[in-house]
Amino acid sequence: MAGVYTAANLTDDYRAAPSLDELSQIPLPRFFFDQTHAYDVRHRTWTTPGPERFLPPGKSGRPKNPYYLFVDRGCVGDCTYCCRPLMKKLSGRFGLRKRSVADIMAELEEVKKAIPNLHKVYVYSDDFLLWREDELAEFALAYQRRINLPFMFLLSPMSFRDRKLDILLNTGLVSFVEMGIQTGSPRVRRIYNRRESNQRILEVAGKLSKKLRPRRLAPHYDIIVDSPWETEADRLDTLRLLCRLPGPYEALFFSLTVFPGTGLYDKARDEGLLTEETYLAQFDLAAHVNRRLRISSRDGAAFVRLGQMAGALPLPFPVLEIMWRLRKIVSWAKVIPERLLTGLKNIRLTGPGAILRRAVARRRPGRRHRPARGLDVGSGG
Ligand code: SF4
C-alpha cells in the first residue's frame with residue numbers, strides 16, 4: 001500500500017497513503033526496534049535503542065507518556081483553527097470513520113508485547129463520545145478483558161451523553177478525561193466556528209465533575225490563549241466561565257497557532273496579521289514566555305496562571321478579575337508557582353491523607369511502582 005511501510009511491503013514508497021473508508025484495511029503498526037538504528041551524538045556511536053526510545057521512561061522506569069492509539073478519523077466539527085476541516089476536504093471524506101474493535105485490540109496486544117512496561121493508553125479520537133453506545137460497550141468490554149491498562153480520551157460538550165460516559169467509566173480504567181472548551185466568549189466562539197454555548201459547557205462540566213469526583217479524577221479542559229482576535233472583554237468572559245466550572249479541574253492552555261490551510265490562517269492573512277513578528281511568536285521556541293505551554297505573550301502567561309488558580313481553588317470571579325487587572329504590576333506566573341496549584345488541586349481531589357500516604361510511600365526504600373488506577377498522578381498543572 002503506497003505510503004504505508006508493512007512487513008509485506010518493505011519498499012520505500014513515499015507517495016501519499018490512500019484515504020480509505022474501511023480503516024481496518026490499514027495494516028497494524030509494527031515495531032522494528034531491533035532493526036532501528038539511531039546515532040548517539042554524545043557517545044558518537046550507533047545504537048539500537050529499543051522501546052525506551054519510542055516511549056522514554058520516567059523516574060519510575062515506566063514510560064512517561066501513554067501510547068497514542070488512533071481509533072478513528074474525522075469529527076463532526078468545522079473549527080477554524082483546526083486542521084481537521086482541511087484534511088476532510090483533501091481526503092474527500094467528511095464523516096467519522098471508525099476502526100473495528102477487533103482491529104484496535106489486535107494493535108494493543110501487539111503494543112503490549114513490544115513495550116512490556118507500557119502502563120497508559122491515550123485512546124486518541126477527536127471526540128470518543130461520538131461513537132454509538134453499543135460500539136463503546138463493545139470497546140469497553142474487549143479493552144477490560146484483553147488490555148486492562150489505564151486509558152484516557154477526549155470528548156466535546158456537544159457529544160456528551162451520561163450513558164456513554166458511564167460505559168467507559170465503568171471499566172474502572174479511565175485515568176484522564178479531556179474536553180475542549182477553548183473560550184468563554186460567545187463572540188470568539190463564533191470566530192472559531194464552535195457550536196456549544198456557555199450554558200451547555202456548564203451543564204456538561206457539572207455532570208463530568210459529579211461522575212469523576214468519586215473516582216478521584218479531575219476533568220481536563222482545553223482553553224486557547226494568545227488569540228489576536230480576543231479583546232479584554234473576551235478574556236474576562238473566559239475567566240468568568242472558568243470560575244463557574246465546578247472544581248477541582250485542570251485547565252490545559254494552548255497558544256493559538258494559525259496554521260496554513262485553516263480558516264483562521266486565511267482570516268489572519270486577509271486582515272494583515274501575518275507578520276514576521278507573529279510568525280516568530282508562534283513558531284520560534286526561543287520567543288515563547290513559557291516553552292512548555294508555548295505561550296507567546298506575558299499577558300498569556302498571566303492568564304494561564306489565573307486560569308490554573310480557578311481550577312485549583314473555588315475563587316469568585318471578582319477576585320480573579322482584580323488579579324487580571326493587576327497583571328502589569330504583578331507577574332502572577334512568577335509569584336504563584338504552578339506546583340503549588342497542582343498540590344492544592346490534588347488535596348481537594350483526594351484529601352490531605354492520600355497526599356501524605358503517597359509522600360510516605362515515595363520515601364520508603366525499595367517501593368515498587370504500581371500502575372495508576374483511577375488517578376492520573378502523572379498529569380499536573
Ligand atoms: S477542534 Fe475538534 S471538533 Fe473542531 S474541527 Fe478540530 S477535531 Fe473537529
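1. Let's begin with a strand pair: strand 6 (residues 121-124) runs parallel to strand 7 (residues 151-155), and three bridges join them. Within this pair, Val123 sits opposite Phe153 of strand 7. Please keep in mind that this is a predicted model.

2. The pair belongs to an open sheet of six strands, ordered 3-6-7-8-9-10 and paired in parallel. At its edges are strand 3 (67-70) and strand 10 (250-255); each has a single partner strand, so one side of each lacks a neighbour in the sheet. On average, neighbouring strands are turned by 25° against each other, direction ignored.

3. What does Leu155 touch, leaving aside residues up to four places away in sequence? Its contacts are Asp127, Phe128, Leu129, Phe160, Val177 and Met179.

4. Now for the ligand: the residues surrounding it are Cys75, Gly77, Asp78, Cys79, Cys82, Arg84, Pro85, Asp126 and Ser156. Sorted by class, this shell has four nonpolar, two polar and three charged residues.

5. Is Arg216 buried, exposed or partly exposed? Arg216 lies in the loop between helix 7 (198-212) and strand 9 (220-225), and because 15 other C-beta atoms lie within 10 Å, Arg216 counts as partly exposed. Arg216 and Arg348 are 132 residues apart in sequence, yet their C-alpha atoms are 9.5 Å apart in space.

Technical notes. Residues numbered from 1 in each chain as written. Predicted model: local features only at pLDDT ≥ 70, side-chain atom pairs only at ≥ 80, totals over all residues. Near = placed C-beta within 6 Å. Nonpolar A, V, L, I, M, F, W, Y, C, P; charged D, E, K, R; others polar. Helix = DSSP H or I, 4+ residues; strand = E, 2+ residues; numbered from the N terminus. Buried ≥ 20, exposed ≤ 12 C-beta atoms within 10 Å, placed from the backbone. Contact = placed C-beta atoms within 7 Å. Pairing = 2+ DSSP bridges. Axes fitted to C-alpha atoms, helices over the stretch in contact; angles between N-to-C directions.
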